[in-house]
Amino acid sequence: MKFDSLSPMPADPILGLMTQYRQDSHPQKIDLGVGVYKDEAGNTPILACVKAAEQHRIDTEETKVYIGPTGSADFNSLISELCFGITHQVIEQNRVRTVSTPGGTGALRVAADFIKRVNPNAVIWVSDPTWANHTGLFEAAGITVKTYPYYDHENKTLKFEEMLACLEQVSSDDVVLLHACCHNPSGMDLTQAQWDQIAVLAKDKGFTPLIDMAYQGFGDGVDADAYGVRKVADTVSNLILCSSCSKNFGLYRERIGACSIVGKDANAADIAFSVLLYVVRCIYSMPPAHGAAIVETILASQELKQQWLDELAVMRNRINGNRQMLVDQLKALGVKRDFSFISNQKGMFSFLGITPDQVAEIQTKHSVYMVDSSRISIAGIGEGNVEYLAKSIADIL
Ligand code: PMP
């Protein structure tokens, strides 16, 4: 084996964009590329509830001994209660098994290897478009990835009828990946009525839903954003849920998420769980413990949980406010094109809907940075730059 047989992989386009942004000396430059929450000052601060929980952990932690492949049992039950709801039938019927994972990405990779063990020939169906890492991640586990129609770039709507028609054809041996809320990259979510239809379709067709919940609480609220997860869990007998605490707890670099399996009964869930643990042992053996300890400290304390919900609401309201602010500014400048879709979409991202040439132009002329697809990170907008941003958009249109 010689490493010189390798050819270079393409660089992550967002990292390249960040480098260009850093090197740009334009005083009004705007970064709409990177997918992390930022406050008005452009910072991603540590939540106060996280700081408090971390202090508590420093004061009370007694050992650094191995935690085991499941991670923290308290975190696992608290996070599944947060996702499914404490009184959900899958919890009351003891049908959920959860492992703590290194972030949402770790949860997805565990899910991918689990799927490969359930059905080595499984196909996973992902939305067109979807989070850029989904495809590579599932392919790396040896799973075939296919797409179902999702976002209509032309009309800024959901291609729901086409999505349904495609999923009608999916085999009962396959998996369908759904974004729980705050669809990345389109911001276009299923309505509750559409979730109801998808849940029935999954049950009728027998495919396994895999729900990726990376932004619980960033759309409409912690419970509202879990509507789809809870509805699907109510309806089907098998489900995989991958969640992330990166965004909603601001724990990006601590790498904490969870992979939950719902089985048809407690016995089936136990068997699936043993496979899940085997998969974990073969990838990273055991998850990191620090992030889980912070989240469980917050969720187990009434006071810290309330503080977290309040801090999460601040992030959510800022993002929704930014959406409206941009739409209003564009309107105020007399821009003819209808951008109101931005205020109807949810979460961290939307497609601005400009061409790659216009993306290049707004970058060179106005130092406004976004990826080629014109996906914009809504958290990069603020009261201080929205007027400049709207003027730049108006100019390149
Ligand atoms: N799924 C989606 C849809 C995401 O947008 C992200 C993060 N960008 C993840 C999963 C992974 O999150 P984490 O940082 O926790 O690995």
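Q: How far apart are the C-alpha centres of domain 1 and domain 2?
A: They lie 29 Å apart in this predicted model.

Q: Which residues belong to each domain?
A: Domain 1 takes in 11-45 + 316-396. Domain 2 covers 66-300.

Q: How many residues of domain 1 are in contact with domain 2?
A: 17 residues of domain 1 are in contact with 20 residues of domain 2.

Q: OK, new topic. Which residues touch the most other members in the largest nonpolar core?
A: Phe84, Trp308 and Leu326 do. That core has 95 residues.

Q: And which helix gives the most to this core?
A: Helix α12, residues 302-332, with 8 residues.

Q: Where does this core lie relative to domain 1 and domain 2?
A: Both domains give residues to the core, so it lies between them.

Q: Back to Phe84. What is it in contact with, leaving aside neighbours within four places in sequence?
A: Its partners include Val90, Ile91, Val96, Val229 and Arg230. Ala233, Leu239, Leu241, Ser260 and Val262 are also in contact with Phe84.

Q: Which residues does the second, separate core include?
A: Ala112, Leu210, Cys242 and Cys259 are among its 29 residues.

Q: Now helices. At what angle do α11 and α12 pack?
A: About 105°, with their axes 5 Å apart. Angles of 65 to 115 degrees count as roughly perpendicular, so α11 is roughly perpendicular to α12.

Q: Which residues make that contact?
A: From α11, Thr297, Ile298, Leu299 and Ala300. From α12, Gln302, Leu304, Lys305 and Trp308.

Note on methods:
Residues are numbered from 1 along each chain as its sequence is written. This is a predicted model: local features need pLDDT of at least 70, side-chain atom pairs count only at pLDDT 80 or more; totals for chains, interfaces and linings use all residues. Side-chain values use heavy atoms; hydrogens and water are left out. A nonpolar core is a set of buried Ala, Val, Leu, Ile, Met, Phe, Trp, Tyr and Cys residues joined through side-chain atoms within 4.5 Å. Buried means under 20% relative accessible area, exposed over 50%, partly exposed in between (1.4 Å probe, protein chains only). Helices (H or I, at least four residues) and strands (E, at least two) are DSSP runs, numbered from the N terminus. Domain bounds come from an automatic or database domain assignment. Contact means heavy atoms within 4.5 Å. Axes are lines fitted to C-alpha atoms, for helices over the stretch in contact, and angles run from 0 to 180 degrees between N-to-C directions. Angles under 35 degrees count as roughly parallel, over 145 as roughly antiparallel, 65 to 115 as roughly perpendicular and the rest as oblique.
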